Amino acid sequence: MAKALLTAVMSAALATAAVAENEFRHVVFFKFKPEATPEQVKEIEKAFAELPKKIDSIKGYEWGTSESVEKLNDGFTHCFFVTFKDKAALEAYLPHPAHKEFGAKLKPLLEKAFVFDYTAKKD
């Protein structure tokens, strides 16, 4: 599973146009609880998409749902790919009130999360 998730992360990074050296990537995968309704999941998607408008340290944002042809996503259905200028910007994002509010909304619906953070490299 970790290999498949890492492959997805690296594929997304390589597909990103104009990768800037030393940008900090925060990649988050969500597996929702079986009882989470499609409407509740849509609310989470919308709430996450609002974070870049509320938190200045976010430089880039994209997300998508699994379309794995290999079926190695281990029940993780959503990937959120967030870019920051540097690691310090991520560290400012994590305790931000808007991020905390989002986390409180997400937590009751989330079965599991997988987070992968890294500094972008060009070579």
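Predicted model: local features only at pLDDT ≥ 70, side-chain atom pairs only at ≥ 80, totals over all residues.
E23 sits in the loop between helix α1 (2–15) and strand β1. Residues are numbered from 1 along each chain as its sequence is written, and side-chain values use heavy atoms, with hydrogens and water left out.

Is E23 buried or exposed? E23 counts as buried because its relative accessibility is 11%. The cut-offs are these: buried is under 20% relative accessible area, exposed is over 50%, and partly exposed lies in between (1.4 Å probe, protein chains only). The side chain of E23 makes a polar contact with the side chain of K59, at 2.6 Å. A polar contact is a pair of N or O atoms within 3.5 Å; within protein, one must be able to donate a hydrogen and the other to accept it, and residues adjacent in sequence count only if both atoms are side-chain atoms. Now set aside the neighbours of E23 within four places in sequence. E23 is then in contact with K59, T83, F84, K85, Y118, T119 and A120. Contact means heavy atoms within 4.5 Å.

Step back to the whole chain. It has four helices and four strands. Along the sequence they follow the pattern α-β-α-β-β-α-α-β. Of the 123 residues, 35% are buried. Take the contacts with a separation of 6 or more: 78% of them join residues 24 or more positions apart.

Next, the sheet. The four strands form an open sheet in the order β2-β3-β1-β4, with antiparallel pairing. Two strands pair if DSSP finds at least two bridges between them. The edge strands, β2 (58–65) and β4 (110–119), each pair on one side only. From one strand to the next, the twist averages 15°. Helix α2 (residues 38–54) packs on this sheet and touches β1 (24–32), β2 and β3. The direction of α2 makes about 160° with that of β2. For such angles, axes are lines fitted to C-alpha atoms, for helices over the stretch in contact, and the angles run from 0 to 180 degrees between N-to-C directions.

Seven bridges join β2 to β3 (residues 78–84), and the two run antiparallel. Here W63 stands opposite F80, and Y61 has V82 as its bridge partner. Seven bridges also join β1 to β3, again antiparallel. In that pairing F24 stands opposite F84.

Now for the nonpolar cores. In soluble globular proteins, nonpolar side chains tend to be buried together. A nonpolar core is a set of buried Ala, Val, Leu, Ile, Met, Phe, Trp, Tyr and Cys residues joined through side-chain atoms within 4.5 Å. The largest one has 23 residues. Those with the most contacts inside it are F30, F32, F48, L51, F84, Y93 and F102. The elements that give two or more residues to this core are β1, α2, β3, α3 (87–93) and α4 (97–106). Helix α2 gives the most, with five residues. What does F102 touch? Not counting residues up to four places away in sequence, F102 touches F30, I44, A47, F48 and L51. A second, separate core has six residues, including V27, F76, F81 and Y118.

K71 counts as exposed because its relative accessibility is 65%. D74, at 42%, counts as partly exposed.
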